[in-house]
Amino acid sequence: MNIDSLIAVGGFFMGILTSIGAGMSWYATKRADSATKEYAAKRDFQHLQRNLEQLNHGLTDMAKEQDTQLDYIHKELIELKSAINAALYAQTGETISGFLRQIKR
């Protein structure tokens, strides 16, 4: 074998080794990217889960506040109805329901 043949065979084997090394490097990078993407997906899911819990908590608080306000309004309406009944009864001797029956006729 002459020197040119040895150089060619050596270059061929170096090319094969380089290709194998590049493939191994690509696989390792791809695997690391996969793990990174999996971690990022889990983290995003956990953020969404926490946001959903916060929204649920906020809606629960709003519903409680609304119930409190509606109870207050209900009590105020009962007081207003009583006051109107008292004033109407003092003037006409009729209650609201009796007065409304007369208006409908």
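What does the accessible surface of the protein come to, and what share of it belongs to carbon and sulfur atoms? I looked this up before anything else. The accessible surface is about 9600 Å², and 63% of it belongs to carbon and sulfur atoms. Accessible areas come from the Shrake-Rupley method with a 1.4 Å probe, and for residues only the protein chains shown count as cover.

**Entry: the model.** I note that this is a predicted model, in which local features need pLDDT of at least 70 and side-chain atom pairs count only at pLDDT 80 or more, while totals for chains, interfaces and linings use all residues. Residues are numbered from 1 along each chain as its sequence is written, and side-chain values use heavy atoms, with hydrogens and water left out.

**Entry: helices.** I found two helices and zero strands in the protein. Both terms refer to DSSP runs numbered from the N terminus: helices are H or I with at least four residues, strands are E with at least two. Just after H1, glycine 93 has a positive phi of about 80°.

**Entry: burial.** I read that buried residues make up 3% of the 105 residues. Buried means under 20% relative accessible area, exposed over 50%, and partly exposed in between (1.4 Å probe, protein chains only).

**Entry: nonpolar patch.** I listed Val9, Phe12, Phe13, Ile16, Leu17, Ile20 and Met24, which make a nonpolar surface patch of about 710 Å². Patch residues have over 30% relative accessible area and no salt bridge; like charges are joined within 9 Å, nonpolar side chains (Val, Leu, Ile, Met, Phe, Trp, Tyr) within 5 Å. Valine 9 lies in helix H1, residues 3–92, and is partly exposed at 35%. Phenylalanine 12 is exposed at 53%, and phenylalanine 13 is partly exposed at 48%.

**Entry: salt bridge.** I found one salt bridge in the whole structure (a side-chain nitrogen of Lys or Arg within 4 Å of a carboxyl oxygen of Asp or Glu). The side chains of glutamate 38 and lysine 42 form it, at 3.6 Å, N to O. Glutamate 38 and lysine 42 are four residues apart in helix H1, so about one helical turn separates them.
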